[in-house]
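Work through the two exercises below with the structure in view. Each task is followed by a solution in steps.

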Amino acid sequence: MLLALGACQPPADEVASGQPISVVPVLTEDPVDEIVSRFRFKTRSLFNKRDFGELEKLAKQIREDKAVFPHGGRKIFGIYSSFEPRRSEPESLWQLHDEIYQQWLEEYPESVTAHVAYANFWVEYAWKARGGGYADTVSDEDWALFYERLAKAQEVLDLASDLSEQDPHWWRVSLQVAMGDGWDADAFDQLVDDGHAYDPTYWGIDTIRAFSLLPRWYGESGDWEAYAESVARLPDGLGDEAYARIVLYTKRYYDNVFRETDASWPQTKRGLDQIIRKYPESLSLLSNAARLACVAGDAQAARKYFNLLNQRYYDRAWESEAEYIDFYRWAFAAKKQRLLK
């Protein structure tokens, strides 16, 4: 049963009668968020100051180390995302960024970092022109700008492909261009295969490919779930962790991802457990694991995650504090019911 606003409701038949389970959520920030914010501030400051030499050294080291944040996100992704203006920013800021990128490329013409960052800029700039509305709400002029800017992005990506150094984020940006341009499935698959051959653990490639396979884009029912299965089987990949990463990314497009799709809760759970063991500092990951266990109807797993949370409430992972409380009570009431039988 779904609540009116799309939030998930605990199964009514598993809620115990009598006194409700005691829970006092404590609003808590994720310490990893602060680590990521500091990193992004540092890299954006270097970009704003046009300290390209320092950016080059930082990006090169991060690529070589395959460095990750304490939630498993790759730091190279963090660099590129830190440069992006908000789409609501005025045109003057986008023009300033264009100027900075051109200077960076002039000073470091063989830099894969500068090329990938500039291509990413053009993709974001394209979506600024198009906007986020339905296709029939976009003017002919804005469509023309959208495709013109995507072509610019592809041009920069093509230049980067001839460089001696490669970057896994090149494939993610290329997939975003492919989505905008509507490439056929074979071209998508070849791009993904090439990215996996370079770095099968860069799950940023997999989340964007799964996104492109949603029915709202180019997929049909079951497509992104089948893709997630195939990624979990990649040699030298992340296994079930990659599957869980894809579910974590796509869940936002469903009220209940396990009820509305072919996504496997058991495989997701295996992946989540792997992730939590590797990244125990991340309150976001643990909170999202708890909520996914709840929407999957797995009270035992939910209790495990809630016990690890110890009543910490990370509000970005839940529809509301009330939802957190309802699911907490459901998970522990389900155990009480079984003990009373």
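**Exercise 1.** In this predicted model, find how helix 9 and helix 10 are arranged and which residues meet.

*Solution.*
Step 1. Locate the elements: helix 9 covers residues 203-212 and helix 10 covers residues 223-232.
Step 2. Compare the axes, which come within 9 Å and cross at roughly 160 degrees.
Step 3. Angles over 145 degrees count as roughly antiparallel, so helix 9 is roughly antiparallel to helix 10.
Step 4. The hand of the crossing between helix 9 and helix 10 is right-handed.
Step 5. List the residues: on the helix 9 side they are Ile205, Asp206, Arg209 and Ala210, and these meet Trp224, Tyr227 and Val231 of helix 10.
Step 6. Sorted by class, this contact of helix 9 with helix 10 has 5 nonpolar and 2 charged residues, and no polar ones.

**Exercise 2.** Describe the packing of helix 10 and helix 11 in the same terms.

*Solution.*
Step 1. Helix 11 spans residues 240-250.
Step 2. The axes of helix 10 and helix 11 lie 7 Å apart, at an angle of about 150 degrees.
Step 3. With the cut-off of over 145 degrees, helix 10 and helix 11 are therefore roughly antiparallel to each other.
Step 4. The crossing of helix 10 and helix 11 is right-handed.
Step 5. Helix 10 contributes Trp224, Glu225, Tyr227, Ala228, Glu229, Val231 and Ala232 to the contact, while helix 11 contributes Asp240, Ala242, Tyr243, Ile246, Val247 and Thr250.
Step 6. By class, the contact of helix 10 with helix 11 holds 9 nonpolar, 1 polar and 3 charged residues.

Note on methods: Residues are numbered from 1 along each chain as its sequence is written. This is a predicted model: local features need pLDDT of at least 70, side-chain atom pairs count only at pLDDT 80 or more; totals for chains, interfaces and linings use all residues. Side-chain values use heavy atoms; hydrogens and water are left out. Axes are lines fitted to C-alpha atoms, for helices over the stretch in contact, and angles run from 0 to 180 degrees between N-to-C directions. Helices (H or I, at least four residues) and strands (E, at least two) are DSSP runs, numbered from the N terminus. Angles under 35 degrees count as roughly parallel, over 145 as roughly antiparallel, 65 to 115 as roughly perpendicular and the rest as oblique. A crossing is left-handed if the near helix is turned anticlockwise from the far one by less than a right angle, and right-handed if clockwise. Contact means heavy atoms within 4.5 Å. Ala, Val, Leu, Ile, Met, Phe, Trp, Tyr, Cys and Pro count as nonpolar, Asp, Glu, Lys and Arg as charged, and the others, Gly among them, as polar.
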